[in-house]
Amino acid sequence: MYKEFARFYEKGFWPDYSRRMAGVFPAVLKRYGLHPERILDVACGEGTFALAMARSGLKVTGLDLSPDMLALARQKASDENLSIDFLNQDMRLFSFNSDFDIATCWYDSLNYILKIDELIKTFANIYQALVPGGHFIFDVNTIYGLAVDWQRYPWYVEMDTGEMFQLISPSYDFERNIVKLKITGFLREGSLWRRVDEEHLERGYTLAEIRRSFKKAGFEEIGCTDDLAQMSPPNQWSDRVWFVLQKPVLK
C-alpha cells in the first residue's frame, strides 16, 4: 500500500487533514497545558504535519511504513531546509526509549492495524517512546464511520485532474469489522494513461476495545472527542474519534 498511491495522496485532498491537525494542535496543547520539545509523528506519511511541527520549532521524528511516502516527505523537508528524522519503520515493531514528550498518529492510521494484539503492541511501543508524563494524541475511524458513512456509494470518483484520475470502491465485512477499499487510479504519462491498483484494509474497533488496548499498554485517558477543535463528546453517529492519552509520571 501507499506505493504509486503516494503520488495521488500528495496531489489530492488528503494532506488537507494534516494541515487541519497542525492548525488545531496549538490549541490542544494549550488546553492540556503541554509544552513539548520533541515530537514523534507515527505514520507520518508524506510529511505535511511533521513539516508544520518543525516550522513551529519542535524537534521532529516521523516514521512510516511506506518508502514512497517517506521519499516525498524527505524531499519537502529538504526543499524547506528543515531538519526532520524520517524513519522507514513499522508502528507495530519500532522501539525508542523515553525519547519524546509527545506522539501523534493521524488520519485513521491505527485502523490499518487489523489485529487487536498488534494494536496493543503499537500502543506499547508508543508508550515506551514517551518520557514519563508524555502524551499521545491520535484519531480512529469508528465502526459507524467505516460501515455506514464509507458505504454510501458502491463507486465514487476521488480525483479528476488533467494528470490524475481515481476511483474508489468500498465494501464492508460485518463479521470482522473490516472495510476494503479498491483503489483504481490513472496517471497521465505523455499521451498515455497508466493504470494503478491498490487495495486498502481498515478495521473498525469499538471504543471499549481501544480503551482496553491502550490501558493494557499503561496509558491513562485524559480526553476523548469527536471534534478536536470543539472537544465535543463522541456519540453513536460519530464517524471519527480523537483520544488524548498520558503516560503516568513516575512516583
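Is proline 132 buried, exposed or partly exposed? Select proline 132: at 36% relative accessibility it counts as partly exposed (buried means under 20% relative accessible area, exposed over 50%, partly exposed in between, with a 1.4 Å probe and protein chains only).

Before moving on, note that this is a predicted model, in which local features need pLDDT of at least 70 and side-chain atom pairs count only at pLDDT 80 or more, while totals for chains, interfaces and linings use all residues. Residues are numbered from 1 along each chain as its sequence is written, and side-chain values use heavy atoms, with hydrogens and water left out.

**Around proline 132**

Proline 132 belongs to strand 5, residues 130-141 (helices, H or I, of at least four residues and strands, E, of at least two are DSSP runs, numbered from the N terminus). Show Lys247, Pro248, Val249 and Leu250: proline 132 is in contact with these, leaving aside its neighbours within four places in sequence (contact means heavy atoms within 4.5 Å). Then select asparagine 235, which is 103 residues from proline 132 along the chain, with 31 Å between their C-alpha atoms.

**Threonine 184**

Threonine 184 counts as buried, at 9% relative accessibility. Its side chain makes a polar contact of 3.2 Å with that of aspartate 197 (a pair of N or O atoms within 3.5 Å; within protein, one must be able to donate a hydrogen and the other to accept it, and residues adjacent in sequence count only if both atoms are side-chain atoms). Not counting residues up to four places away in sequence, threonine 184 also touches others, including Trp155, Phe165 and Arg195.

**Salt bridges**

Side chains of opposite charge can pair when their charged atoms come close. The count here is 14 salt bridges (each a side-chain nitrogen of Lys or Arg within 4 Å of a carboxyl oxygen of Asp or Glu).

Select arginine 38 and aspartate 101, whose side chains form a salt bridge of 3.2 Å, N to O. Arginine 38 is in strand 1 (residues 38-42) and aspartate 101 in strand 4 (residues 100-105), 63 residues apart. Arginine 38 is partly exposed at 29% relative accessibility, whereas aspartate 101 is buried at 19%.

Now pick glutamate 46 and lysine 76, a salt bridge with its closest N and O atoms 2.3 Å apart. Glutamate 46 lies in the loop between strand 1 and helix 3 (48-55) and lysine 76 in helix 4 (residues 67-79), so the pair ties together parts 30 residues apart in sequence. Glutamate 46 is buried, with a relative accessible area of 2%.

Finish with Asp90, Arg92 and Glu118, which are linked in a network of salt bridges.
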